[in-house]
Amino acid sequence: MAFELPPLPYEKNALEPHMSAETFDYHYSKHHQTYVTNLNNLVKDTPLASQSLEQIILAVAKDDTKVGVFNNAAQVWNHTFFWNSMSPKGGGTPTGVLADAIAKTFGSVDKFKEEFKAAAVGQFGSGWAWLVVEGGALKIVKTGNAGTPLTAGQTAILTVDVWEHAYYIDYRNRRPDFVQTFLDKLVNWDFATANYAAAIS
Ligand code: ZN
């Protein structure tokens, strides 16, 4: 069965003024949709067509002849994860087990935000910053282009997209302002906490 663009978890204008409906018109309806369309075309009539998205990503990650499949499959997965990493009721501070783990790992939520922002801003060119769990420990990592923590044996907890298409309409070239707004106003701590609880259980 062909892959489909998953529905957004909120309306396109729900994150305004921090992220505009126009950004979603391009970023979700065009970029994300294109990755889905490309992936379907690339796996059509191949054994990969019956695999899950995660299975495809892991199957082709080290295959130099399937770079296009990897890039499109990983971008489909990364973007869906990114939409869920934000919420109209986002921002604030984490609670529960994730709050405890962040305090223990980074010292405080503010220190976590500083380190996460530094990773996101420091990613040269297109890519992603992530909060992940690896071997039971929280860590901040960044990936270039379509890179995804799935292939590093890490469990994704939270991500921000730092491709220019994520912020250029609303923030122009000001990636640091975009990432700061993501952390202060958009981040979906409920989603991150659920991911963390599942990762350590
Ligand atoms: Zn993107």
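Biologist: What is the relative accessibility of K111?

Modeller: K111 has a relative accessibility of 38% and counts as partly exposed. Buried means under 20% relative accessible area, exposed means over 50%, and partly exposed lies in between, with a 1.4 Å probe and protein chains only. Please note that this is a predicted model, in which local features need pLDDT of at least 70 and side-chain atom pairs count only at pLDDT 80 or more, while totals for chains, interfaces and linings use all residues. Residues are numbered from 1 along each chain as its sequence is written, and side-chain values use heavy atoms, with hydrogens and water left out.

Biologist: Which side chain meets that of K111 in a salt bridge?

Modeller: It is the side chain of E114, at 3.6 Å from N to O. A salt bridge here is a side-chain nitrogen of Lys or Arg within 4 Å of a carboxyl oxygen of Asp or Glu. E114 is exposed, at 51% relative accessible area. Helices (H or I, at least four residues) and strands (E, at least two) are DSSP runs, numbered from the N terminus.

Biologist: Why does being three apart matter in a helix?

Modeller: An α-helix has 3.6 residues a turn, so residues three or four places apart point the same way.

Biologist: How many salt bridges are there by this rule?

Modeller: The count is six. Among them is the pair D25 and K12, at 3.0 Å from N to O. D25 belongs to helix α1 and K12 to the segment before α1, so this bridge ties together parts 13 residues apart in sequence.

Biologist: Turning to α1, where is its kink centred?

Modeller: The kink, of about 25°, is centred on Q33. The bend at a residue is the angle between axes fitted to the seven residues ending there and the seven starting there.

Biologist: And α4, which of its residues are buried?

Modeller: In α4, residues 96-106, the buried ones are L98, A99, A101, I102 and F106. Down the helix axis they fall within an arc of 165°, so they line one face of α4. That arc is taken from the directions from the helix axis to the C-beta atoms. On the other side, D100 and K104 are exposed.

Biologist: What covers the buried residues of α4?

Modeller: The cover includes α5, α8 and the strands β1, β2 and β3. Contact means heavy atoms within 4.5 Å.

Biologist: What comes after α4?

Modeller: G107 follows α4, and its phi is positive, near 100°.
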